[in-house]
Amino acid sequence: MSHTISTRAKQVDRRPMTFMESLYIPAILKGLRITLGHIFKKKATINYPEVQRPFSSTFRGLHILNRDEEGRERCTACGLCALSCPAEAITMESAERKPGEEMLYREEKYAANYEINMLRCIFCGLCEEACPKDAIYLTQTFAPSNFDRKGFIYKKDDLLIPFPAETTQKIETK
Ligand code: SF4
Ligand code: SF4
């Protein structure tokens with residue numbers, strides 16, 4: 001008695017091919033008929049990247065490292081995002097804030113280096129959930145393709161949102 005794991009088991013036809021079947025012409029014509037039938041149907045594919053599908057409002061894309069309202073880096077290199085990441089995609093190195101750097105870093109400790117390996121990331125958003133400082137967010141930006149593995153390692157400079165122009169002026173005039 002045979003056992004199957006689904007009800008969709010199909011008996012394979014093992015009888016020898018007829019002369020016509022061995023020429024493969026009927027099979028080729030059948031295949032061409034299916035191809036022709038699809039030419040006039042609505043295409044399931046799109047011309048990416050020229051054309052992009054609209055994303056769902058809950059779509060989670062590339063991460064950003066956020067700044068506070070004064071333009072200071074929010075991340076305090078506590079490591080909770082890295083701990084909560086199921087893909088072990090986040091690594092960081094912490095550093096201590098020096099006197100005079102209060103306008104750059106919000107907390108006494110900050111991330112001197114911060115990296116996310118987008119080849120590992122599954123865009124689950126757990127890092128965002130775990131962060132006690134509102135420092136990391138997943139945006140609606142799609143992670144671009146790349147021919148080089150290194151291009152998928154996003155460093156702090158790639159992730160950190162740009163320094164606000166007003167804050168730059170404030171620091172320069174100090
Ligand atoms: S989105 Fe998920 S997998 Fe990606 S870095 Fe954050 S916690 Fe890790
Ligand atoms: S992004 Fe948030 S959770 Fe991750 S190290 Fe920085 S402060 Fe901690």
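Hi everyone. A residue counts as near a molecule here if its C-beta atom, placed from the backbone, lies within 6 Å of it. Keep that in mind as we go through this predicted model, starting with the ligand.

By that cut-off, 14 residues surround ligand 1. The closest are Cys 85, Cys 121, Cys 124, Leu 126 and Cys 127, so please do click on those while I talk. And what kinds of residues make up the shell around ligand 1? Twelve are nonpolar, two are polar, and none is charged.

Let me begin with Pro 49, in the loop that runs between helix 2 (25-39) and strand 1 (63-65). The peptide bond joining Tyr 48 to Pro 49 is cis, with omega at about 10°.

Tyr 24 is not a glycine, yet its phi is positive, near 65°. Is Tyr 24 buried or exposed? Exposed, because it has 11 C-beta neighbours inside 10 Å, and the cut-off for exposed is 12 or fewer.

My last stop is Ala 77, in the loop between strand 1 and helix 3 (80-84). Here again we have a positive phi in a residue that is not a glycine, this time about 50°. Ala 77 has 23 other C-beta atoms within 10 Å; buried means 20 or more, so Ala 77 is buried.

Terms used: Residues numbered from 1 in each chain as written. Chains lettered and ligands numbered in written order. Predicted model: local features only at pLDDT ≥ 70, side-chain atom pairs only at ≥ 80, totals over all residues. Nonpolar A, V, L, I, M, F, W, Y, C, P; charged D, E, K, R; others polar. Helix = DSSP H or I, 4+ residues; strand = E, 2+ residues; numbered from the N terminus.
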